[in-house]
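User: I am new to reading protein models. Can we go through this one step by step?
Analyst: Gladly. Here it is.

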Amino acid sequence: MLPEGWAAFNDTSVCGNRCPPVWEAGNPCYLPVNPAAPLAYQLFDGVLAELTGGSPGGGLFPEALLHLGGDEVQTGCWASSPSIGAMMAELNYTSYADVYLHFVRAVQATALASGRLPVHWEEVCKCAPGRVPREINYA
């Protein structure tokens with residue numbers, strides 16, 4: 001579970017100069033999170049560790065299902081990102097759907113490792129038909 005307000009991490013009026021660089025400097029696009037930024041995964045892992053306690057039934061949210069969202073992701077915004085372009089070249093990705101699925105799989109793995117069953121909006125499945133693990137649930 002992540003708060004809808006991930007954008008707050010890019011808003012200096014909210015966090016001053018302490019905002020973690022999960023978006024690319026100079027890129028006017030701050031939504032969605034930059035999946036080429038290692039800190040984006042570290043931030044997610046940290047939030048998830050606090051929410052789940054890292055184990056089944058633990059943390060602030062002991063429920064077995066963990067909704068990870070995944071809707072309203074404007075992948076076209078990544079076209080202006082040099083780091084995402086480099087990531088695509090390095091991993092031989094041919095579309096932004098590949099990058100999106102890369103991030104989805106990473107956060108799913110973190111949720112599964114915490115003993116949670118990830119749940120997403122149906123946009124995740126629509127973005128990458130037939131390429132999302134079957135053990136994942138959709139709302």
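User: Which residues of H3 are buried?
Analyst: This is a predicted model. In it, the buried residues of H3 are Ile84, Met87 and Met88.

User: Why do you say that the buried residues of H3 line one face of the helix?
Analyst: Look down the axis of H3. Its buried residues fall within an arc of 100°, so they line one face.

User: What makes the face of H3 turned away from its buried side different to look at? Which exposed residues does it carry?
Analyst: That face carries Pro82, Ala89 and Glu90. To count as exposed, a residue needs over 50% relative accessible area. Pro82, Ala89 and Glu90 are exposed.

User: Which helices do the buried residues of H3 pack against?
Analyst: They pack against H2 and H4. Just after H3, Asn92 takes a positive phi of about 60°.

User: Which elements give two or more residues to the largest nonpolar core, and which residues touch the most other members?
Analyst: The core has 17 residues, and Leu68 and Val99 touch the most other members. The elements giving two or more residues are helix H2 (38–52), strand S1 (65–69), helix H3 (82–90) and helix H4 (96–113). H4 gives the most, with seven residues.

User: Why would such side chains come together?
Analyst: In soluble globular proteins, nonpolar side chains tend to be buried together.

User: What does Val99 touch, leaving out residues up to four places away in sequence?
Analyst: Val99 touches Pro35, Trp78, Ile84, Met87, Met88 and Tyr93. A contact needs heavy atoms within 4.5 Å. Ile84, Met87 and Met88 are also the buried residues of H3.

User: Why is Cys125 called partly exposed?
Analyst: Cys125 has a relative accessible area of 33%. Buried means under 20%, and exposed means over 50%. The value for Cys125 lies in between, so Cys125 is partly exposed.

User: Where does Cys125 lie, and how far is it from Gly70?
Analyst: Cys125 lies in helix H5 (residues 123–127). Cys125 and Gly70 are 55 residues apart in sequence, and 9.5 Å apart in space, C-alpha to C-alpha.

User: How many helices and strands does the chain have, and what pattern do they follow?
Analyst: There are five helices and three strands. Along the sequence, the pattern is α-α-β-α-α-β-α-β.

User: What share of the chain counts as buried?
Analyst: Of its 139 residues, 37% count as buried. The accessible surface comes to about 7,600 Å², and 59% of that belongs to carbon and sulfur atoms.

Technical notes: Residues numbered from 1 in each chain as written. Predicted model: local features only at pLDDT ≥ 70, side-chain atom pairs only at ≥ 80, totals over all residues. Heavy atoms only, no water. Core = buried A, V, L, I, M, F, W, Y, C linked by side-chain atoms within 4.5 Å. Buried < 20%, exposed > 50% of the residue type's maximum accessible area, 1.4 Å probe, protein only. Helix = DSSP H or I, 4+ residues; strand = E, 2+ residues; numbered from the N terminus. Areas by Shrake-Rupley, 256 points an atom, 1.4 Å probe, with all protein chains shown as cover. Arc of directions from axis to C-beta.
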